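Please open the model in a viewer and keep the selection tool at hand. The stops below proceed from one selection to the next.

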Amino acid sequence: MSARETPVGTAADMDRLTRIGTADVRRLEAATRELRRADYRDGGGACATARAELARGRRLLRVHVTERLRGRLLVAVADLHNFAGWTAFDGGRPRAAHAHYRVALKLLEQHADQDLVANVCYRSARAHLHRRDPARALRALDRGRIAADRAGSARTSAIISVNQAWARAMRGSPAETLALLRRAGDEFARATDASRPWSAFFDASDLQAMIGIVHTELACSHDVGHTRLAMPALRAALDGYGPSMRRSRVFSLTALALNHLLAGDHVGGALVAARALDSADGLASSRVADRMLPLLRYCERVPAGAGLADTAHRIRALVERTRPPRRS
């Protein structure tokens, strides 16, 4: 490593910097990978250093860099904005999330990594799905589909398809939903390309989790018989998720508990809900509480003697403890 490529540390170092090298960009990419690991394990609120890394990346964009390296730097900074948007979304700040996604896409106009463009569109769509706005989600996913096709990544195409399935389920279109689930499975089976840092999370377990979530959506809005398809998929996801994917485990446990309740199994539902609540302890994610609200509404609808009062009490406590004040 030459002196010119020695990674810089403080903001003062950055102010004095006149040229950067490959090591500086590698450091930025490595920092984003570490932040993603913390996010999956502990929630977006556990990524306090993201702002400093983002500031570092923005400063690097103002420094002289060779044309060969500038494209890689633009992608690295765009992905940092992509990550910052995701953690803002996870923390209940949708406006901030979409602002980061817009910046990421703007940066990618200068060096269009189509796989990352598709991933930013997918993450933007997830924020809309969380707010139960499938129309906006589908618009973002349509843009993501175009980029995924250009990128030629079967894994990224599967991510787009399974999230389109969720949006279609929200819109009450079971036939289109099931067709998209089949497409996602076929695409994932063809995913022999190496995953990129922003899509590496999407493995066989995550695909099963999403299949379970989509069938849960259909069970809630269309036909409770979809619980029979949702539960095996969610159990398969839980078998595959390790401790490094704690938030994803909680989401799958929450959906599994709801399926038990929808199927009339209150005892099983309460037991799985307790596992979800135990696993959620300490997770810095407002989405965890949001995703438990359908469980809470179910518990509040059933008669007092159904044995779900303790589950409802624990969910209310989690919601009060973890959800931020309402923001637009």
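Helices (H or I, at least four residues) and strands (E, at least two) are DSSP runs, numbered from the N terminus. On that basis, D281 is found in the loop between α13 (266-280) and α14 (286-301). The model is predicted: local features need pLDDT of at least 70 and side-chain atom pairs count only at pLDDT 80 or more, while totals for chains, interfaces and linings use all residues. Residues are numbered from 1 along each chain as its sequence is written, and side-chain values use heavy atoms, with hydrogens and water left out.

Select D281 to begin. Its relative accessibility is 54%, so D281 counts as exposed; in relative accessible area, buried means under 20%, exposed over 50% and partly exposed in between (1.4 Å probe, protein chains only).

Next, select R132, in the loop between α6 and α7 (134-151). R132 is not a glycine, yet its phi is positive, at about 55°. Most residues other than glycine have a negative phi. With 49% relative accessibility, R132 counts as partly exposed.

Now display α4 (residues 67-90) together with α6 (residues 114-130), whose axes come within 10 Å and cross at roughly 10°. The crossing therefore makes α4 roughly parallel to α6. Here axes are lines fitted to C-alpha atoms, for helices over the stretch in contact, and angles run from 0 to 180 degrees between N-to-C directions; under 35 degrees counts as roughly parallel, over 145 as roughly antiparallel, 65 to 115 as roughly perpendicular and the rest as oblique. On the α4 side, the residues that meet α6 are V75, A78, D79, N82, W86 and F89. Their partners in α6 include L116, Y122, R126 and H130. Contact means heavy atoms within 4.5 Å.

Move to α11 (residues 227-240). Colour T227, A230, M231, A233, L234, A237 and L238, which are buried in α11. The buried residues of this helix pack against α10 (204-221) and α12 (246-262).

Finally, select M292. Leaving aside neighbours within four places in sequence, M292 is in contact with V250, T254, A276, L277, A280, I315 and L318.
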